[in-house]
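Look at the sequence and the model first.

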Amino acid sequence: QVQLVESGGGLVQAGESLRLSCVVSGLPLNFYSLGWFRQAPGKEREFVAKISPLGRNTDYAESVKGRFTIARDNAKKTVILQMNSLKPEDTAVYYCAAGRGGFPRPEFGSWGQGTQVTVSS
């Protein structure tokens, strides 16, 4: 059974940091890209960051470049999103995803339930 379970969300002030984690089970992670997406109230879900199966390549949305870092540890079946210099516009539910297919365009087909991140001004 495939499961992706996110944790680490919360309420912070602008300029502070948060670290999101996602534990993935039921997938051979050496063959899956992992990613983070987010959905703000009233908006569509958007891409945030992704990382290739062995961690050699990463890609970020322009809005988070230089502030967010994605990393993975396949032995621990975990992907993290380190978020620094948070802004109110980063407020959203953040979702972890896993996808097959070639990087940088994997097909994300497995999703977590999401974790809320709220940034106050």
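Ile70 has Leu81 in β8 as its bridge partner. The model in which this pair is found is predicted. The pair belongs to the antiparallel pairing of β7 and β8, which runs over six bridges.

**The sheet**

These two strands are part of an open sheet of four strands, ordered β1-β3-β8-β7, with antiparallel pairing. Its edge strands are β1 (3–7) and β7, each of which pairs on one side only. From one strand to the next, the twist averages 15 degrees.

Asn74 is located in the loop that lies between β7 and β8. Its side chain makes a polar contact with the side chain of Arg72, at 2.8 Å. Apart from neighbours within four places in sequence, Asn74 is in contact with Leu29, Asn30, Pro53 and Leu54.

**The core**

Leu81 is also one of the residues that stand out in the largest nonpolar core. That core has 30 residues, and the members touching the most other members are Trp36, Leu81, Met83 and Tyr94.

What does Leu81 touch, not counting residues up to four places away in sequence? Its contacts are Leu18, Arg19, Leu20, Trp36, Val48, Ala49, Phe68, Thr69, Ile70 and Tyr94.

**The disulfide**

How many disulfides does a search of the whole structure find? The search finds one. This disulfide joins Cys22 to Cys96, with an S to S distance of 2.2 Å. Cys22 lies in strand β3 and Cys96 in strand β9, so the bond ties together parts that are 74 residues apart in sequence. The torsion about the S-S bond of Cys22 and Cys96 is about -80 degrees, and therefore the disulfide is left-handed.

Are the two cysteines buried or exposed? Residues under 20% relative accessible area are called buried. Cys22 has 0% relative accessibility, so Cys22 counts as buried. Cys96 counts as buried because its relative accessibility is 0%.

Methods:
Residues numbered from 1 in each chain as written. Predicted model: local features only at pLDDT ≥ 70, side-chain atom pairs only at ≥ 80, totals over all residues. Heavy atoms only, no water. Core = buried A, V, L, I, M, F, W, Y, C linked by side-chain atoms within 4.5 Å. Buried < 20%, exposed > 50% of the residue type's maximum accessible area, 1.4 Å probe, protein only. Contact = heavy atoms within 4.5 Å. Polar contact = N/O pair within 3.5 Å; in protein donor to acceptor, adjacent residues only side chain to side chain. Pairing = 2+ DSSP bridges. Axes fitted to C-alpha atoms, helices over the stretch in contact; angles between N-to-C directions. Disulfide = S-S within 2.5 Å.
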